[in-house]
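These are my notebook entries on one protein model, written down in the order in which I looked things up.

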Amino acid sequence: NAGAGNRIDSNTLLFGVIGNPIRHSKSPIMMNRAFRETGINGVYTAFHVTSDRIADFAAGVRAMGIRGVNVTIPHKLDIMSVLDEIDASAQAIGAVNTIVNEEGRLIGYNTDGIGYVRSLKEEAERELAGKRIVVIGAGGASRGIVYALANERPARITISNRSLDRAQELAVSLQDAADIIAITHHELQAACEEADIVINTTSVGMFPNIEETPVNASWLKQDAVASDLIYNPLKTKFLLEAEQRGCRIHGGLGMFIYQGAYAFEYWTGQPAPAAAMRETVLASLQ
Ligand code: ATR
């Protein structure tokens, strides 16, 4: 029954998210709304798991038959060593954010990159082929996004990171998929000046440090897209400054919704109620 309350009983399917810290996570409210909306008898909660308990956690998931788990900071890499199988794209990305428990076999996927690209296309830029894209940051989130963008036939992806070696490593690891280069901080202005899309994947500008910006928005072309993975605040200072300049802007909420929607689809085989999921998360942020 759409909209009916979850009835928890002895057939309820179990789901959750693991991370450290985890109490700020919006995933439980988003996913429980999705189960209510689709009438699936499931419940989703948050597990605070420390890095030294990852193997115990995986054993617990198998023993108790927890059907699906999302994985967030700082476990997206560590978790890979305790899974039974890793999907090819998660393997190439080098990070897992979604686990499906198939009768005790734990299979890892990554829905961050595809979630991001779907949101970018819907909200800001339908056509990514031929585009010059600058990505700031080379951490876990950046890896999934660069992998997914590389499959869209961009003209070039330029990665800038505080520590250059991480940007270089990412560029090299995906070099067969697209024209990807790493640049130093000194080359960032010139790269932004000719970019069609500039994406912040770092935590710079995230609540509570809302006065920080990862890049000077005045470097962007006026017809460029400014994109930020941060969704708290919904509009970072980087996006506000880019908007004032006339740029199209794209915040991180859509990526969060769609990474969850793809996870839901892996677990249930059903289309996710993305609009309802967005409504619930948005309401909790305001
Ligand atoms: P996530 O999974 O969110 O990507 P991560 O793997 O820890 O988390 O990566 C964080 C990214 O934000 C990295 O690119 C990091 O730069 P370094 O590789 O040099 O550490 C970047 N980052 C975090 N804080 C930053 C800051 N204050 N200034 C610039 N970059 C920052």
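In which helix does L282 lie? I find L282 in helix 10, residues 274-285, where helices (H or I, at least four residues) and strands (E, at least two) are DSSP runs numbered from the N terminus.

Before going on I note that this is a predicted model, in which local features need pLDDT of at least 70 and side-chain atom pairs count only at pLDDT 80 or more, while totals for chains, interfaces and linings use all residues. Residues are numbered from 1 along each chain as its sequence is written.

Entry on the whole protein. I count 10 helices and 12 strands, and 45% of the 286 residues count as buried. The C-alpha trace spans about 60 × 35 × 35 Å along its principal axes. The radius of gyration is 19 Å, which agrees with the value near 19 Å for a compact globule of 286 residues, taken over C-alpha atoms with the rule of 2.2 Å times the number of residues to the power 0.38.

Entry on the domains. By an automatic or database domain assignment, the protein is divided into domain 1 (13-110 + 255-285) and domain 2 (113-251). Their contact takes 14 residues from domain 1 and 14 residues from domain 2, two residues being in contact if their C-beta atoms, placed from the backbone, lie within 7 Å. On the side of domain 1 that touches domain 2, helix 3 (88-93) and helix 9 (253-268) are the elements that give two or more residues, and helix 9 gives the most, with 5 residues. The centres of the two domains, taken over C-alpha atoms, are separated by 25 Å.

Entry on the ligand. Of the 15 residues around the ligand, I see that G137, G139, G140, R162 and T202 come nearest, where near means a C-beta atom, placed from the backbone, within 6 Å. Helix 5 (residues 140-150) supplies the largest share of this shell, 3 residues.

Technical notes
A residue is buried if 20 or more other C-beta atoms lie within 10 Å of its own, exposed if 12 or fewer, and partly exposed in between; C-beta atoms are placed from the backbone.
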